[in-house]
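I opened this entry to keep track of what I looked up in the structure. My notes follow in the order I made them.

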Amino acid sequence: FIIFNNAIIISEYDFNLKLATRIRDELVREGFRSGRLMIPAVVRPVRRTLQDRTDRANAMNADVFLSVHHDGVHDKFLQPWTYEGQTRHYFDRSTGFSLHVSPRNPQYDDSLALARLIADRLMEKGLRFNRIHEPGNPEGAQVPYADATRGIYRRDLLFVLRLTKMPAVLLEGGVIVNREEELQLATPTYQSTI
């Protein structure tokens, strides 16, 4: 949840669920046999939930695994801003999507090919990738690129990327702590574009 002054404004979970549902529905409409959403239980320990996701995907014998998220930044980089009499926090210096793959995934070459396909389609639609996670940028994950021309980062340790037995990509649909982008990300039009 994004929490400002003890008030829940909107949760990343809600952004993720709406976008993941939209993606699944579009893929099925475009000819995929099926698509399944794996919605984590929020009361369980995060580490166990991540292991559960990979175990479930592997047990389903899924063809691909797409983990849908939205980017933020480390709290220390958030700036205060007063809106409707309440102090909120934002980070407007980053916008755009990012994609992540793990070379530890047994299907790494296919994961990278899938990430490139996704990046190319997003860029064809006029979307830009962000550079927040590149090495030397303390505001993001500081990880190497798998493909610097498409905003695809190498994430060696992420559970859902390294422990799945099928091509796996993590999509950050945009930066929800960017005030302008957050408004766009909430629209059906933007979700449809992704």
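I looked up Asp120 in this predicted model and found a relative accessible area of 27%, so I put Asp120 down as partly exposed. Its side chain meets that of Arg150 in a salt bridge, at 2.7 Å from N to O. Asp120 belongs to helix α3 and Arg150 to the loop between β7 and β8, so this pair ties together parts that lie 30 residues apart in sequence. For Arg150 I noted a relative accessible area of 21%, which makes this residue partly exposed too.

Next I followed the charged partners. I noted that side chains of opposite charge can pair when their charged atoms come close. The structure holds nine salt bridges. Another one joins Glu124 to Arg121, with the closest N and O atoms 3.6 Å apart. Both residues lie in helix α3, three residues apart, which is about one turn of the helix. Glu124 and Arg121 are both exposed. I also wrote down a network: salt bridges with shared partners join Arg116, Asp120, Asp147 and Arg150.

I then checked the length of α3. Its 17 residues, 108-124, should span 24 Å at 1.5 Å a residue, and the end C-alpha atoms are 24 Å apart, so the two values agree.

Which residues of α3 are buried? I listed Tyr108, Ser111, Leu112, Ala115, Ala119 and Leu122. They cover an arc of only 95 degrees around the axis, so they sit on the same side of α3. I recalled the rule behind such a pattern: an α-helix has 3.6 residues a turn, so residues three or four places apart point the same way. The buried residues pack against β6, β7, β8, β9 and α6. On the face turned away from the buried side I found the exposed residues Asp109, Arg121 and Glu124. Just after α3, Gly126 has a positive phi of about 90 degrees.

I looked for positive phi in residues other than glycine. Asn61 has a phi of about 60 degrees and lies in the loop between α2 and β3. Its relative accessibility is 65%, so I count Asn61 as exposed. Gln142 has a phi near 55 degrees and is placed in the loop between α3 and β7. At 42% relative accessible area, Gln142 is partly exposed.

Last, I noted a nonpolar surface patch of Leu27, Val28 and Phe32, with about 240 Å² of accessible area together. Phe32 is in the loop between α1 and α2.

Note on methods: Residues are numbered from 1 along each chain as its sequence is written. This is a predicted model: local features need pLDDT of at least 70, side-chain atom pairs count only at pLDDT 80 or more; totals for chains, interfaces and linings use all residues. Side-chain values use heavy atoms; hydrogens and water are left out. Helices (H or I, at least four residues) and strands (E, at least two) are DSSP runs, numbered from the N terminus. The expected span of a helix is 1.5 Å times one less than its number of residues. Buried means under 20% relative accessible area, exposed over 50%, partly exposed in between (1.4 Å probe, protein chains only). The arc is that of the directions from the helix axis to the C-beta atoms. Contact means heavy atoms within 4.5 Å. Patches are made of residues with over 30% relative accessible area and no salt bridge: like charges are joined within 9 Å, nonpolar side chains (Val, Leu, Ile, Met, Phe, Trp, Tyr) within 5 Å. Accessible areas come from the Shrake-Rupley method with a 1.4 Å probe; for residues, only the protein chains shown count as cover. A salt bridge is a side-chain nitrogen of Lys or Arg within 4 Å of a carboxyl oxygen of Asp or Glu.
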